[in-house]
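Subject: Structure handover

Hello,

Here is the structure I said I would pass on. My notes on it follow below.

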2 protein chains.
Amino acid sequence: MTMRILITSGGTTEKIDQVRGITNFATGTLGKLLAEHFLAANHTVILLAGLTAVVPDPHLKLTIIRISDVTSLISSITKWIPLSDVCIHTMAVSDYTPVYMTDLDTVKQTPDLTDLLTKHNLEQKISSQQDYQVLFLKKTPKVIKMIKPLNPAIILVGFKLMVDVSTEQLIQTARQSLMTNKADYILANDLTTISETQHLGLLISQYDILEAQTKHDIAALIVSKSEETYDNYHDRRNR
Amino acid sequence: MTMRILITSGGTTEKIDQVRGITNFATGTLGKLLAEHFLAANHTVILLAGLTAVVPDPHLKLTIIRISDVTSLISSITKWIPLSDVCIHTMAVSDYTPVYMTDLDTVKQTPDLTDLLTKHNLEQKISSQQDYQVLFLKKTPKVIKMIKPLNPAIILVGFKLMVDVSTEQLIQTARQSLMTNKADYILANDLTTISETQHLGLLISQYDILEAQTKHDIAALIVSKSEETYDNYHDRRNR
């Protein structure tokens with residue numbers, strides 16, 4: 001069978017003004033590799049890639065769409081999720097977006113800080129005269145949570161990146177994410193065990209935990225589990 | 001004559017934590033083009049390039065050094081400025097760097113906000129549970145101002161990017177920067193007149209203002225003015 005795969009990759013950047021933004025670090029290396037593995041297995045791939053993410057070479061069955069911020073990501077997934085069989089959501093999505101930036105003195109002189117949350121920077125480039133600035137940020141919508149409601153039949157593989165935690169904590173957080181987001185798999189990984197040559201990952205489902213040692217391992221494992229899950233699902237439906 | 005050219009290009013990113021940062025938007029396209037023009041004119045080029053900046057193909061007379069943040073930029077220019085004849089400082093340098101990030105309620109309950117400026121985030125990845133976060137930022141050192149003190153004989157070309165201002169305002173701000181930073185030239189440009197095919201620029205010195213219409217024009221102009229200034233300077237010295 002040929003599946004339609006949606007991969008999100010790299011990071012999003014939320015603008016503070018026309019020249020500055022808050023970004024999530026992510027090179028897109030794993031997303032690129034996943035796209036290449038799925039293409040090699042003859043599937044069709046839509047790759048939603050952050051502005052600076054690395055991407056595969058052109059391929060007849062690959063479409064690359066560049067994503068700037070969370071709003072553009074939501075608009076793209078709303079279009080593509082209903083058309084896809086599998087979604088691999090590797091993207092490092094900004095969890096906060098700028099609301100208002102002002103200097104420290106202004107903040108000190110504002111009796112109720114909640115008032116500042118209704119303000120917006122009208123200037124195109126915020127002045128850099130003051131010694132201190134204060135940036136107010138608000139939470140962005142959880143993109144991973146929107147995926148299953150947009151297509152309940154989609155096979156969803158989410159990613160959970162933590163920093164310097166125990167394996168138990170990694171697994172527990174991934175299991176939580178599995179339930180909350182109705183994901184089929186969560187690839188749990190820790191920044192401290194990722195290097196040029198190594199990328200430890202645990203692919204966690206309701207049923208089991210599979211280990212991978214490198215980015216290639218992770219990509220191969222996700223391709224095979226996606227195919228297996230897709231086959232089982234369609235077997236059940238056709239029985 | 002062969003000159004040693006130091007070009008800074010792209011943008012810097014200041015870390016908030018291990019997974020997030022504040023970045024200045026800059027692709028490095030103009031810095032890459034400048035490097036290529038100087039190499040074509042047989043000069044030696046050191047390119048200090050932001051992590052995601054585009055860079056030229058390998059060349060015998062080109063050295064590329066990747067720059068993450070303002071601290072790494074300062075450490076690199078301290079080494080290279082004394083060894084260079086010309087510095088073209090195109091880099092979009094972060095003017096603020098994160099000090100401390102915390103949730104809105106904590107900020108509201110802190111009587112003197114100055115206390116928060118002495119705090120640091122000890123966690124590797126700041127929690128994303130709260131609806132609002134507040135990020136305190138402090139000004140970074142002005143890198144362009146450090147260049148002439150490190151090498152008074154260097155020919156310094158600075159860049160001034162503004163957004164949607166009048167030509168008069170652009171020229172006035174560039175003249176100010178020329179004096180404050182003891183630059184030989186300031187290339188003044190406005191984000192609203194930069195596109196794929198056009199890049200309006202004014203190369204401003206104490207003596208005149210030269211216009212350019214495209215990135216290629218700008219690069220060619222900067223190469224010829226740098227050579228001219230270098231020749232004049234060395235003629236004077238040898239007379």
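How many bridges join β7(A) to strand β8 of chain A? There are 7 bridges between β7(A) and β8 (residues 132-139) of chain A, and the two strands run antiparallel. Strands here are DSSP runs of E with at least two residues, helices are runs of H or I with at least four residues, and both are numbered from the N terminus. Two strands pair if DSSP finds at least two bridges between them.

Before the rest, two notes on the source. This is a predicted model, in which local features need pLDDT of at least 70 and side-chain atom pairs count only at pLDDT 80 or more, while totals for chains, interfaces and linings use all residues. Residues are numbered from 1 along each chain as its sequence is written, chains are lettered from A and ligands numbered from 1 in the order in which they are written, and side-chain values use heavy atoms, with hydrogens and water left out.

The sheet

β7(A) and β8(A) belong to an open sheet of 4 strands, ordered β7(A)-β8(A)-β8(B)-β7(B) and paired antiparallel. Its edge strands are β7 (96-103) of chain A and β7 (96-103) of chain B, each of which pairs on one side only. From one strand to the next, the twist averages 25 degrees. In β8(A), A:Gln133 is the bridge partner of A:Asp103.

Chain A as a whole

Chain A has 6 helices and 12 strands. Its C-alpha trace spans about 70 × 40 × 35 Å along the principal axes. Of its 239 residues, 51% count as buried; buried means under 20% relative accessible area, exposed over 50%, and partly exposed in between, with a 1.4 Å probe and protein chains only. Among contacts in chain A with a separation of 6 or more, 66% come from residues 24 or more positions apart, where contact means heavy atoms within 4.5 Å.

Helices

Helix α1 (residues 29-40) of chain A has 12 residues, which at 1.5 Å a residue should span 16 Å; its end C-alpha atoms are 17 Å apart, which agrees. The expected span is 1.5 Å times one less than the number of residues. The buried residues of α1(A) include A:Leu30, A:Leu33, A:Leu34 and A:Phe38. Just after α1(A), A:Asn42 takes a positive phi of about 75 degrees.

In chain B, helix α2 (residues 70-80) and helix α4 (residues 143-150) pack at an angle of about 15 degrees, with their axes 10 Å apart. Axes are lines fitted to C-alpha atoms, for helices over the stretch in contact, and angles run from 0 to 180 degrees between N-to-C directions. That makes α2(B) roughly parallel to α4(B), a label for angles under 35 degrees. The contact involves B:Val70, B:Leu73, B:Ile74, B:Ile77 and B:Thr78 of α2(B), and B:Val143, B:Met146, B:Ile147 and B:Leu150 of α4(B).

Loops

Most residues other than glycine have a negative phi. B:Asn42, in the loop between α1 (29-40) and β4 (44-50) of chain B, has a positive phi of about 75 degrees and is partly exposed, with a relative accessible area of 45%. A:Asp164 has a positive phi near 60 degrees. A:Asp164 lies in the loop between β9 (155-162) and α5 (167-180) of chain A and is exposed, at a relative accessible area of 51%.

Regards

How values were computed. Angles under 35 degrees count as roughly parallel, over 145 as roughly antiparallel, 65 to 115 as roughly perpendicular and the rest as oblique.
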